[in-house]
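Dear colleague,

Please find the structure below, handed over for your own work. My findings follow it.

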Amino acid sequence: MPTSQVRRVVIADDHALVRTGMKNILAGLDDVVVVGEAENGLEAIALAKEQRPDLLLLDAGMPLSRGMEVFGEVRRWTPETRIAVVTGFNAAGSLSDWIAAGVDGLFLKTCPPEEMATGFALLLQGEGYVSKDVLRRIQNAEAVAELSQRERQVLHLIAEGCSNAAIAERLSISAKTVDNHRTRLMAKLGVHSVGQLLAYALKEGLLDSSAQL
């Protein structure tokens, strides 16, 4: 019987706990061996050149050489290595930058281990993978970008605890129009209650002074 090909992985993250967690996930996959660990960007580049792994798991915020710099160097020296970024930076703009750069895989560190295992396995088979939480962050950012200035004003006044009637008076519009804005806000942001709406707005930094009259 033909023997299975062993896939080789390098893990680059400056936190030992994170590296251990990823090793534990990889241990559950067949025919996978971790051939090196890097604590900073320069070590990651050197290990990739030396080992030419099938997969590099890369932290976006490495010391000495940042993740995007490591990505570029590894692509240049060992283009056959697939690169997956596992990051704690969840800003949608940063995540979109990685996708635009052509990374093979993209995960947040909050991604469930089971999904990481699925994604790592697909990457080692030559596929790409973007985790569900990354996709949600990018989609949420797109939804926020679609909010009109008036919708942002209504959101800000809801956060102040204003009733529909009070918002209508402040903005010189009808209470029915306020209710329509509230409904559209919930639909665009994918929430189902005022509490969820406010929690989302706080998380995404929507309640700033720029939305005020």
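The model is predicted: local features need pLDDT of at least 70 and side-chain atom pairs count only at pLDDT 80 or more, while totals for chains, interfaces and linings use all residues. Residues are numbered from 1 along each chain as its sequence is written, and side-chain values use heavy atoms, with hydrogens and water left out.

In helix α3 (residues 67–77), the buried residues are G67, V70, F71 and V74. They lie on the same side of α3, because they cover an arc of only 105 degrees around the axis. Here buried means under 20% relative accessible area, exposed over 50% and partly exposed in between, with a 1.4 Å probe and protein chains only. The arc is that of the directions from the helix axis to the C-beta atoms. Helices (H or I, at least four residues) and strands (E, at least two) are DSSP runs, numbered from the N terminus. An α-helix has 3.6 residues a turn, so residues three or four places apart point the same way.

The cover over the buried residues of α3 includes α2 (41–51), β3 (55–58), β4 (82–87) and α4 (92–101); contact means heavy atoms within 4.5 Å. Within α2 sits A48, which is buried at 1% relative accessibility. A48 touches P53, V74 and T78, not counting residues up to four places away in sequence. A48 and V74 are 26 residues apart in sequence, yet 6.5 Å apart in space, C-alpha to C-alpha.

M22, I25 and L26 of α1 meet P113, M116, A117 and F120 of α5. These contact residues divide into seven nonpolar, no polar and no charged, where Ala, Val, Leu, Ile, Met, Phe, Trp, Tyr, Cys and Pro count as nonpolar, Asp, Glu, Lys and Arg as charged, and the others, Gly among them, as polar.

H181, in helix α9 (residues 175–189), is buried at 9% and touches R150, E151, V154 and I173, not counting residues up to four places away in sequence.

Yours sincerely
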